[in-house]
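Please take a look at the model below.

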Amino acid sequence: MNPLPTSSVIGILGGGQLGRYLVIASHHLGYRCVVLDPDPDCPAGQVGAELIVSDYDDEQALDQMAAKVAVATYEFENVPVPSVQRIQAHGVEVRPGLKALSVSQNRIQEKTLCLGLGIPTAPFAAVSEYQDLIVALGHIGFPLMVKTATGGYDGKGQRVVRDAQVVESVWNQLGAGTHPLIVEGWVDFAAEVSIVVARARDGEIEYFPLVENQHVEGILDVTVAPAQVGAGIAAKAKEYAGALAAALELVGILAVEFFVTRDGRLLVNEMAPRPHNSGHYTMEACAVSQFEEMIRAVAGLPLANPKLLYPAAMVNLLGDLWQGRSESPAFDKALALSGAHLYLYGKTEPRVGRKMGHLTVIEGSADQAARTALRARRLMVAKDGGDAG
Ligand SMILES: Nc1ncnc2c1ncn2[C@@H]1O[C@H](COP(=O)(O)OP(=O)(O)O)[C@@H](O)[C@H]1O
Ligand SMILES: [Mg+2]
């Protein structure tokens with residue numbers, strides 16, 4: 001198949017911030033977009049895409065989208081598989097593909113795929129009955145993590161279990177067997193790292209740099225590029241992510257999250273076949289952004305070499321920053337710092353824990369970028385307008 005002709009229409013399921021920057025990247029390349037999202041004021045609907053306002057399982061709306069687009073993609077992995085099949089039934093390809101979607105929807109399938117490829121993960125067990133949970137506890141030992149197998153994000157749907165006393169309450173909190181769970185050994189990690197890889201239709205793979213992530217309460221807080229890890233870890237991350245992308249027959253991009261253990265092992269945590277929060281820094285710091293690279297793959301265009309041009313750091317701007325203030329955070333103070341770039345997603349309700357935007361700093365070194373990015377975020381909300389340094 002030839003590359004998607006200019007002015008073709010790309011369908012995007014999901015209109016959050018990832019969809020927003022996919023739309024903008026599509027426009028750069030001369031394409032148009034139709035976005036399907038339940039929210040009439042969603043971030044991707046504000047930047048010049050045609051918006052279909054509907055639920056993700058509304059068959060009429062899916063048919064409507066399929067009739068308008070040459071190819072389709074999704075910006076989050078919890079799009080129902082039957083919705084993607086419905087679009088495909090119209091002869092419209094949906095990339096990165098059905099296998100990537102179904103595997104990445106389910107933590108058990110993700111880890112089972114890794115196991116089959118010889119890629120290390122934390123020890124895990126699938127749990128559907130209370131008794132399975134008790135057996136898994138015996139094998140894996142405390143502390144451990146119990147997660148819903150599907151539907152979790154930003155730390156939602158997961159609990160740490162430190163001792164036997166809380167097992168029953170965690171079982172009840174996570175649905176008491178109404179849906180499958182996964183038990184994972186607790187990883188006492190030295191660092192969390194992630195990588196975005198892109199895979200073209202012909203199987204060509206390009207690798208974005210490995211980056212280091214810090215999470216707060218299960219939500220990404222800071223990304224630093226490049227990760228300050230040895231060459232051996234960075235090479236393994238590429239090898240594992242490339243193998244996963246190929247096994248998923250992916251056409252698009254795949255983000256893979258890893259733990260680096262204190263004894264220097266690299267374990268896969270989870271993966272997502274879409275742009276990733278830890279890849280936002282690529283918009284300034286790499287020779288191509290994760291969004292453009294994804295659209296290139298989806299459109300059948302050649303991939304770009306996504307090499308790192310500048311060390312960078314990204315901090316998320318959650319709704320928390322808006323709390324207890326009568327006005328928005330002082331973005332001008334942050335932007336006065338050299339190398340700082342601000343992205344706001346156009347969301348009007350700054351709820352606690354909600355991703356409202358992010359700020360990226362490009363600098364001479366990764367450490368300096370991280371310091372400046374954190375300082376920028378502090379300056380936005382400093383009470384006296386001052387700076388504690
Ligand atoms: N098995 C584990 N051991 C230690 N920390 C974990 C484990 N699983 C998850 N975490 C922590 O919780 C964060 C969110 O978990 P993750 O599985 O990535 O789910 P989500 O889909 O919410 O991102 C991880 O980035 C990590 O900081
Ligand atoms: Mg995660």
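Q: Which residues does V84 touch, not counting residues up to four places away in sequence?
A: This is a predicted model, in which local features need pLDDT of at least 70, side-chain atom pairs count only at pLDDT 80 or more, and totals for chains, interfaces and linings use all residues. Residues are numbered from 1 along each chain as its sequence is written, and chains are lettered from A and ligands numbered from 1 in the order in which they are written. Contact means that the C-beta atoms of two residues, placed from the backbone, lie within 7 Å. With close sequence neighbours of up to four places left out, V84 touches V79, V94, L98 and L101.

Q: Is V84 buried or exposed?
A: V84 is found in helix α3, residues 81-88. Helices (H or I, at least four residues) and strands (E, at least two) are DSSP runs, numbered from the N terminus. A residue is buried if 20 or more other C-beta atoms lie within 10 Å of its own, exposed if 12 or fewer, and partly exposed in between, with C-beta atoms placed from the backbone. V84 has 22 other C-beta atoms within 10 Å, so V84 is buried.

Q: How many Å apart are V84 and Y56 in space, C-alpha to C-alpha?
A: In sequence, V84 and Y56 are 28 residues apart. In space, their C-alpha to C-alpha distance is 9.4 Å.

Q: Which strands stand at the edges of the open sheet of 5 strands?
A: Pairing requires that DSSP finds at least two bridges between two strands. The pairing is parallel and the order is β3-β2-β1-β4-β5. Each edge strand has a single partner, so one side of each is left without a neighbour in the sheet; the two are β3 (50-53) and β5 (93-94).

Q: Which residue in β9 is the bridge partner of L144?
A: Strand β9 (residues 181-185) is mostly covered, with 4 of its 5 residues buried. Strand β6 (residues 124-127) runs antiparallel to β9 and is joined to it by 4 bridges, and there A126 has I182 as its partner. Antiparallel β7 is joined to β9 by 5 bridges. In β9, the partner of L144 is G185.

Q: What is omega for the cis peptide bond that joins A225 and P226?
A: Most residues other than glycine have a negative phi, and most peptide bonds are trans. The bond from R95 to P96 is cis, with omega near 10 degrees, and P96 lies in the loop between β5 and α4 (98-104). P226 lies in the loop between β13 (219-225) and α8. For the cis bond joining A225 and P226, omega is about -5 degrees.

Q: Which residues of α8 are buried?
A: Helix α8 (residues 231-247) has 17 residues and reaches 24 Å from first C-alpha to last, close to the 24 Å expected at 1.5 Å a residue (1.5 Å times one less than the number of residues). What covers its buried residues includes α5 (107-117), β10 (189-199), β11 (205-207), β14 (252-261) and β15 (266-272). The face turned away from the buried side carries the exposed residues A231, G232 and A235. The buried ones are A237, Y240, A241, L244 and A245.

Q: Within what arc do the buried residues of α8 fall?
A: The arc is that of the directions from the helix axis to the C-beta atoms. Seen down the axis of α8, the buried residues line one face of the helix, because they fall within an arc of 130 degrees.

Q: What is the phi of E249?
A: E249 follows α8 and is found in the loop between α8 and β14. E249 is partly exposed, with 13 other C-beta atoms within 10 Å. Its phi is positive, in a residue other than glycine, and is near 55 degrees.

Q: What is the radius of gyration of the chain?
A: There are 12 helices and 18 strands in the chain. The globule rule (2.2 Å times the number of residues to the power 0.38, with the radius taken over C-alpha atoms) gives 21 Å for 389 residues. The chain is close to that, so it is as compact as a globular protein of that length, with a radius of gyration of 21 Å.
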